[in-house]
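Dear colleague,

Please find below the structure that I am handing over to you, followed by an account of what was found in it. I would be grateful if you could read the two side by side.

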Amino acid sequence: MEKKPVLIILSFFAVYVFWGSTYLWNKMAVTELPPFMLASIRFTTASAIIFVIAVLSGKKLTITKKQLLNTVLAGFLFLAYGNGVFVWALKYVDSGFASLLASLQPLVLLLMMRFVQRKSLKIKSIIGVFLGLLGMYLLVSQKGLQMQEDSWIGIIMIMSCIISWSAGSLFVAKADTPSNFFITTGYQMLSAGVILAIGSWAFDESWSEPLSWQLNTQIAIICLILFGSIAAFTAFNYLLKVVSTEKVATSSYVNPIIALLLGWYFLNESITMQS
């Protein structure tokens, strides 16, 4: 596949900035909406918009049975489990500790590349991962992490989410998926939206009409759908095919920095000298 430098740069911008912004948007929305309902509406609506745009632009939605199975599996690993369960795990651990655990994702990815795919690791990748871990520790260690009751449940859940997301990254990089990354994103989000809706029903979450939501919640949902889902995840699927997987995983380090700056600007959260 031909690599286009400008497209790669724009894709990294989307993955870094838009995904980093989802911390703010999720914080705005989750105060009113239950997590699985929120995620299900976000991904299902995003998939519908993607399919409408694709049809209007003359793209075909037909894919092979193998490609459908691959996109459903990717949607589960990335969005239904990797994203949905992570949010659920925040019931058991504080957000600072969860952020620190999430920054282990590039390290887990490198270990899976080495021991599962039997790939040799570049020394620069190893150094970069450990420097990133150090930086993340300096960022979140100032918050006075506190262990809550049954915190081990949250730790296990988050670690399983990290493994799920890493496995999905390695899988998508080599899997037979639709050649159009926009279509790939649509099918992944549709499958995740359905799975999360089932999860929401299983946990007896209370659903509400969008028109009854507060204005801030409505704005947050729109941003999550357009930027955090459609733009960022399409860019993510593209990057997995054209650059090394561990480079894509650097979003685990950049996203919290973006979130910190947005929290300072929009929510008046303080940035300390250590930050």
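**Findings, beginning with a loop residue**

Asp204 is placed in the loop between H9 and H10. Please bear in mind that the model is a predicted one. Asp204 has a relative accessible area of 68% and is therefore exposed. Its phi angle is near 60°, which is a positive value in a residue other than glycine.

**The chain as a whole**

The protein chain contains twelve helices and zero strands. Its pattern along the sequence accordingly reads α-α-α-α-α-α-α-α-α-α-α-α. The radius of gyration is 18 Å, close to the 19 Å that the globule rule gives for 275 residues, so the chain is as compact as a globular protein of that length. The C-alpha trace spans about 55 × 50 × 35 Å along its principal axes.

Of the 275 residues in the protein chain, 49% are buried. Among contacts with a separation of 6 or more, 89% are made by residues 24 or more positions apart. The chain exposes about 14200 Å², and carbon and sulfur atoms supply 68% of that area.

**Aromatic pairs**

A pair of aromatic rings is described by the distance of the centres and the angle of the planes. Rings count as a pair if their centres lie within 6.5 Å, and the count by this rule comes to 20 aromatic pairs. In one of them, Trp88 and Phe203, the ring centres are 4.6 Å apart and the planes stand at 45°, so this pair is tilted. The pair links distant parts of the chain, 115 residues apart: Trp88 belongs to helix H4 (residues 84-89), while Phe203 is in the loop between helix H9 (181-202) and helix H10 (215-242). Trp88 counts as buried, at 18% relative accessibility, whereas Phe203 is partly exposed, with a relative accessible area of 45%.

A further pair is formed by Trp165 and Phe233, whose ring centres are 6.4 Å apart; their planes are at 75°, so the pair is edge-to-face. Trp165 is in helix H8 (residues 151-174) and Phe233 in helix H10, so the pair ties together parts that lie 68 residues apart in sequence. Trp165 is buried, with a relative accessible area of 17%, and Phe233 counts as buried at 1%. Both residues also belong to one aromatic cluster, formed by Trp19, Phe78, Trp165, Phe233 and Phe236.

**Individual residues**

Tyr81 is in helix H3 (residues 65-81). With a relative accessible area of 28%, Tyr81 is partly exposed. Leaving aside residues up to four places away in sequence, Tyr81 touches Phe76, Phe86, Ser160, Cys161 and Ser164.

Thr177 is in the loop between H8 and H9. Is Thr177 buried or exposed? At 10% relative accessibility, Thr177 counts as buried, because the limit for a buried residue is under 20%. Not counting residues up to four places away in sequence, the residues that Thr177 touches are Gln67, Asn70, Thr184 and Lys241.

Gly128 belongs to helix H7 (residues 123-140). Gly128 counts as partly exposed, at 34% relative accessibility. Gly128 and Gly75 are 53 residues apart in sequence, and the C-alpha to C-alpha separation of these two glycines is 28 Å.

Finally, Phe266 has its place in helix H12 (residues 251-266). Its relative accessible area is 51%, and exposed means over 50%, so Phe266 is exposed. Phe266 and Lys247 are 19 residues apart along the chain, and their C-alpha atoms are separated by 29 Å.

Yours sincerely

Technical notes
Residues numbered from 1 in each chain as written. Predicted model: local features only at pLDDT ≥ 70, side-chain atom pairs only at ≥ 80, totals over all residues. Heavy atoms only, no water. Phe/Tyr/Trp six-rings, centres within 6.5 Å; stacked < 30°, edge-to-face > 60°. Helix = DSSP H or I, 4+ residues; strand = E, 2+ residues; numbered from the N terminus. Buried < 20%, exposed > 50% of the residue type's maximum accessible area, 1.4 Å probe, protein only. Rg over C-alpha atoms; globule rule 2.2 N^0.38 Å. Contact = heavy atoms within 4.5 Å. Areas by Shrake-Rupley, 256 points an atom, 1.4 Å probe, with all protein chains shown as cover.
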